[in-house]
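The following exercises are meant to be worked through with the sequence and the model side by side. Try each task before reading its solution.

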2 protein chains.
Amino acid sequence: MIDKLEFLLALAREKHFGRAAEACGVTQPTLSAGVKQMEDSFGVLLVNRGSRFQGFTAEGERVLDWARRIVGDAQAMRQEVHALKHGLAGRLRLAVIPTALAMVETLTSPYRARHPAVQFTVFSRTSTEILNEIENLEIDAGLTYLDNEPLGRVNAIPFYRERYRLLVADDAPLADRDEVTWAEVAQVPLCLLTPDMQNRRIIERLLRETGAEPNITLESDSMILLYSHVRTGRWASIMPARLAASLGLTETNKLRAIPIVGQEASQTIGLVIPLREPMTPLVSALVAEARRVAPLLED
Amino acid sequence: MIDKLEFLLALAREKHFGRAAEACGVTQPTLSAGVKQMEDSFGVLLVNRGSRFQGFTAEGERVLDWARRIVGDAQAMRQEVHALKHGLAGRLRLAVIPTALAMVETLTSPYRARHPAVQFTVFSRTSTEILNEIENLEIDAGLTYLDNEPLGRVNAIPFYRERYRLLVADDAPLADRDEVTWAEVAQVPLCLLTPDMQNRRIIERLLRETGAEPNITLESDSMILLYSHVRTGRWASIMPARLAASLGLTETNKLRAIPIVGQEASQTIGLVIPLREPMTPLVSALVAEARRVAPLLED
DNA sequence: TCGTGTGATAGCGATTTTCTATCGCCATTG
DNA sequence: CAATGGCGATAGAAAATCGCTATCACACGA
């Protein structure tokens, strides 16, 4: 029964019988039969088909909701029993917005010190992807913005606040300033994340609120790419202060990370976890770690 | 998987492999094998055995907790999908304290008018049995006292308040009074419910608070038995006002139901349902009905 | 010491599961 | 408009699992 529900979850993710089957480690006919069995047992069609996958019926959507919950609970049960016997072990799957990637270490390092048997998989994702993947049980927790866009059905634990700095070469026009305003920054050509990232949308909003039209000369979904461009000293960017610091950018003496003042431009970043009570032991330990570390990160 | 979890639930109820198997509609070896499979798959012993059932291990208790939840969710899912397709149908299992039995009709009648396809099974139970059976998914909802003894992991919906009357023959000593005090009642020989019933404990407490030692000449776990004794006119009892009224007791002219005054002796009776979000459609409709009817029962 | 009750085990037949191979449908495309 | 490719359903056989009957092993009481 539960494995059939997992078929349904995979189908919701992949929207494709073949790929869903592969994801479940079975062949396509097996998955087809599994779905059909559920439909027979409920006496209701769950999936709209017509020579290809065409989404779920209303009943299918409801079953999907229950499936997420039941499958999640079954996984949590297994994990908890295992932890009772063998201590905390297993793999914790995290998804993190690019600008917070450098902060993950402050969670994972003490976590690992406490629970050496736990392994990590960390994905770089957009904030919307993170929420989706939590819903679909593809990850155990995420690190993302808490305040701006609606979170949906997750629990949130505040972790730290992000403040922005202008990164410029030390011979650039604004390089000699101790601080700059958003209005001034809006005049500078910038390289930023792509617009599917919430960070970009936040920064663009802040720039636009000054009345100016920002000039984004380069965009990418990779912080590494932005970072490498800024490192040349020929590009300017806006980065969270902590990220710049943890990359050691300001120690090169070729670059300056200048605080941007003028309005409360700080965003809360936090852990988001599935809305399940109780949580799995691995996630529970992560939340505990976040609560321990968060006070150390306050400004 | 889910059916194995049901094996575990049955075992918790019956504390006996054979009876649990029978309750699940399988043979004892099948249930034994099912439990063993779970133990193998978890790598942990769940049940302490020694030529007979000796309770669950710590891990087993945790699994049991999850099993209650997962099995309950799976049932709720089935019910909801069925309701989506065929409208509200199925069997609603209720357990009710004896003194509230006569009030059940005020819920079931309008419920049935609204949802004719729903069938009812109503058990007469003590308040503690009700809470246990909700935990173990043996009933869908209960009707019991909300205030006095701790409820545990259930949701409660207040339904009505119970006030007590002294029932006596019209030629008995107190029969000519418009109202009596608890102190006066404590002097009368009474027939009441047995002490495993919360109603008895409540009334006994109220009597004792007057300083007197109550004289319980007859006790039973059946309201019908108490009722038939009181009907002879030779016995006195204490009953909730509504119960006396709905039994038509006071219309015989042989009996009088005299309000007992002196202290706030009223108990809230309410619906208790499993602490699950969302609830099953059948229970959800019952809660809606209770909320509709409750205002009509206020004094 | 024997009888009884309880749960585990063995062995076997029935059922279910899942695979491979293939079909039929539809959309795309040259 | 016919060929092609992708997608999901179906058929049939092999494999695995399930669940039963019968029986065993053990503990406890009479």
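Helices and strands are taken here as DSSP runs numbered from the N terminus, a helix having at least four residues and a strand at least two. Keep in mind throughout that this is a predicted model.

**Exercise 1. Describe the surface near DNA strand C, and find which element gives the largest share of it.**

Solution. Begin with the residues themselves: 17 of them surround DNA strand C, and the closest are A:T30, B:F17, B:P29, B:S32 and B:F53. Next, assign the surface to elements; those that give two or more residues are helix 3 (28–42) of chain A, together with helix 2 (17–24) and helix 3 (28–42) of chain B. The largest share, 4 residues, comes from helix 3 of chain A. Finally, sort the residues by class, which gives 6 nonpolar, 9 polar and 2 charged.

**Exercise 2. Work out how chain B is related to chain A, and what the side of chain B that touches chain A is made of.**

Solution. The same surface serves both copies, since 100% of the contact residues of chain B recur in chain A.

Turning to the contact, 20 residues of chain B are in contact with 20 residues of chain A. On the side of chain B, the largest share, 15 residues, comes from helix 4 (residues 58–86) of chain B. By class, this side of chain B has 12 nonpolar, 1 polar and 7 charged residues.

**Exercise 3. Decide whether A:A21 is buried or exposed, and list what it touches.**

Solution. First place the residue: A:A21 belongs to helix 2 (residues 17–24) of chain A. A residue is buried if 20 or more other C-beta atoms lie within 10 Å of its own; A:A21 has 21 C-beta neighbours inside 10 Å and therefore counts as buried. Leaving out residues up to four places away in sequence, A:A21 touches A:V26, A:T27, A:Q28, A:T30 and A:L31. As a further check on distance, A:A21 and A:G34 are 13 residues apart in sequence and 10 Å apart in space, C-alpha to C-alpha.

**Exercise 4. Examine strand 10 of chain A: what does it pair with, and are its faces covered or open?**

Solution. Strand 10 of chain A is joined by 4 bridges to strand 6 (residues 154–169) of chain A, and the two run antiparallel. Within this pairing, A:L166 stands opposite A:I238. For the faces, recall that in a regular strand the side chains alternate between the two faces of the sheet. In strand 10 (residues 237–240), A:S237 and A:M239 lie on one side, A:I238 and A:P240 lie on the other, and all are buried, so that both faces are covered.

**Exercise 5. Locate residues of chain A, other than glycine, that have a positive phi.**

Solution. One of them is A:K15, with phi near 55°, in the loop between helix 1 (2–14) and helix 2 of chain A. With 14 C-beta neighbours inside 10 Å, A:K15 counts as partly exposed. Another case is A:L137, with phi near 60°, in the loop between helix 6 (127–135) and strand 5 (141–145) of chain A; A:L137 has 18 such neighbours inside 10 Å and also counts as partly exposed.

Terms used: Residues numbered from 1 in each chain as written. Chains lettered and ligands numbered in written order. Predicted model: local features only at pLDDT ≥ 70, side-chain atom pairs only at ≥ 80, totals over all residues. Near = placed C-beta within 6 Å. Nonpolar A, V, L, I, M, F, W, Y, C, P; charged D, E, K, R; others polar. Least-squares fit on C-alpha atoms with pLDDT ≥ 70 in both. Contact = placed C-beta atoms within 7 Å. Buried ≥ 20, exposed ≤ 12 C-beta atoms within 10 Å, placed from the backbone. Pairing = 2+ DSSP bridges.
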